[in-house]
Amino acid sequence: MFKCIFFIASVLVFAALPPDEGERLARSRCSTCHVFPEPGLLPKAMWRDHVLPHMGYFLGRFPNDSVRLSLLEKNVDVGKLEAVYPMEPNINGIDWEKITAFYLKNAPEKLEANTTDSLLSLFLFQPRIPVEKFAIPSATMVAFRRDGGVMLGDANTQRLAWYDPNLKLEKAGRLGEGVVQCHDNGQALNILVMGQFSPTDKPLGQLIRLPHQGARAEVLLDSLQRPVNAAFADFNNDGLEDVAVCEFGRWTGALRVFFQKTDGTYTPHLLRATPGATRVYARDLNRDGLVDMMTLFAQGDEGIYQYINLGNGKFREETVLRFPPSWGSSSFRLFDVDADGMEDIVYTCGDNADYPPVLKPYHGVRIYLNKGKKGYQQSYFYPMHGAYDAIPADFDQDGDIDLAAVSFFPDWENQPRSGFVYLENTGNWKMRPRTFDGVENGRWMVMDAGDLEGDGDLDLVLGPLCMDTKPNHGQMERWLRAGVPFLILENLSAK
């Protein structure tokens, strides 16, 4: 993130600078890469000690050669990384110091804390956990099965596991580190595997086909750059299922569509050569009979972009929404919130892993209503530190849309129970926040909604991933002691 701001290298004399020159330079240079980041988005210490130094690296400003060499990951395309970290500075030292001085002069000492309502008890759902316990819970995917039960992808065990509706383990297979998605096309399960959970640019990811009957698993796509999500559709109208893959990567990455050929192999087509592709949907957005895409990018130039299918394997990129790079975009979902026949955007921002976590009042859940030719307009915001995903649905079956949200970076000190929040819509988007007893037994990262037992209501499944917190208040020890591989919130509205 912040790929065109710079790090401080020497003592700056603020009084000697023209009052508006630093801002003018910052706006002109930084806006070429992403939304201009206002100084007020981060506290001064964060700019000074972390963000500005690393941004200098992106502009070829290194204190010495060894720092640059330490950033060039081994077994990665050197040409790509050298483009990220150029050998020569591409901005002169005077302009660099002016921009740096602008941020340090105008950044606040600390950010204002957001205020949220107290969390009420969650009566609609009953928590359930499996008997099996994990030494280090590391869920990268939880998903309800078509035939009832749950599938779990776990990075530590490197397994994909199937559980029945009673949460008993049926079977498991070792598929590599970080199963993130399973797509059932009726004949087989297409399984997306990151290859490595920790941020990397190494092309270790795979798409694996697991037939329902008979044949062994086979690799459909390999050498993917830390893939995290995919959309399956016939993008070129040839009757074959193609796949669009979000290769999140780290400092490099891509959004690609892989066109399937008649022999079962795939031809890649690059849509965007930048890191951070997080989630992609296949939709006919302009209703012309061709399948388009909408994608969230979460590194550097954060935003939602759509790719309009022009036919013949060609797509046109269009900007839907853009966000400041400090927002930490984490997920989005397409859902018709206001029942007007057009899908809206439910978006979360809360990623806080690039630098020491900072509580940001702009983190949370947002709804952008689809206004047709007028674009998408924000209609709702719920502040939630570290928000990672939100599912819209009428969970309580009262005719309006509620929200279920997880946070991977909540306020551990002041509101540790906000790792999961159910926002009960009491009418006109007046939301009543609730959570469940035992929410502190996991650091919830992934989530899905579905009908576990076929009783007609929507249940939730949450997946935890253990990782040290800063500051540490004993959470890690609690999560390891609990050993919860996943947790079901059973909806009681049908009972």
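So, in what order do the four strands of the open sheet come? Before I answer, keep in mind that this is a predicted model. The order is S3-S4-S5-S6, and the pairing is antiparallel. Strand S3, residues 139-144, and strand S6, 169-174, are the edges; each has a single partner strand, so one side of each has no neighbour in the sheet. From one strand to the next, the twist averages 15°. If you zoom in on S5, residues 159-163, you'll find five bridges to S6, and Leu160 stands opposite Gly173 in S6.

Okay, on to the aromatics. We've got 27 aromatic pairs in the structure. Take Phe58 and Tyr85: their ring centres are 5.4 Å apart and the planes sit at 5°, so we call that pair stacked. What I like here is that the pair links distant parts of the chain, with Phe58 in helix H2 and Tyr85 in the loop between helices H4 and H5, 27 residues apart. Phe58 has 6% relative accessibility, so it counts as buried, and Tyr85, at 0%, counts as buried too. Those two also belong to a cluster linked by ring pairs, along with Tyr57, Phe62 and Trp251.

Then a couple of charges over rings. Arg272 lies over the face of Tyr305, 4.4 Å from the ring centre, and the charged end of Arg443 sits over the Phe409 ring, at 4.9 Å from its centre.

Last stop, helix H6, residues 475-482. Gln475, Met476, Trp479 and Ala482 are buried there. Looking down the axis of H6, the buried residues fall within an arc of 135°, so they line one face of the helix.

How values were computed. Residues are numbered from 1 along each chain as its sequence is written. This is a predicted model: local features need pLDDT of at least 70, side-chain atom pairs count only at pLDDT 80 or more; totals for chains, interfaces and linings use all residues. Side-chain values use heavy atoms; hydrogens and water are left out. Two strands pair if DSSP finds at least two bridges between them. Helices (H or I, at least four residues) and strands (E, at least two) are DSSP runs, numbered from the N terminus. Axes are lines fitted to C-alpha atoms, for helices over the stretch in contact, and angles run from 0 to 180 degrees between N-to-C directions. Buried means under 20% relative accessible area, exposed over 50%, partly exposed in between (1.4 Å probe, protein chains only). The arc is that of the directions from the helix axis to the C-beta atoms. Rings of Phe, Tyr and Trp (its six-membered ring) pair if their centres lie within 6.5 Å; planes under 30 degrees apart count as stacked, over 60 as edge-to-face and the rest as tilted. A charge sits over a ring if NZ of Lys or CZ of Arg is within 6 Å of the ring centre and within 35 degrees of the ring normal.
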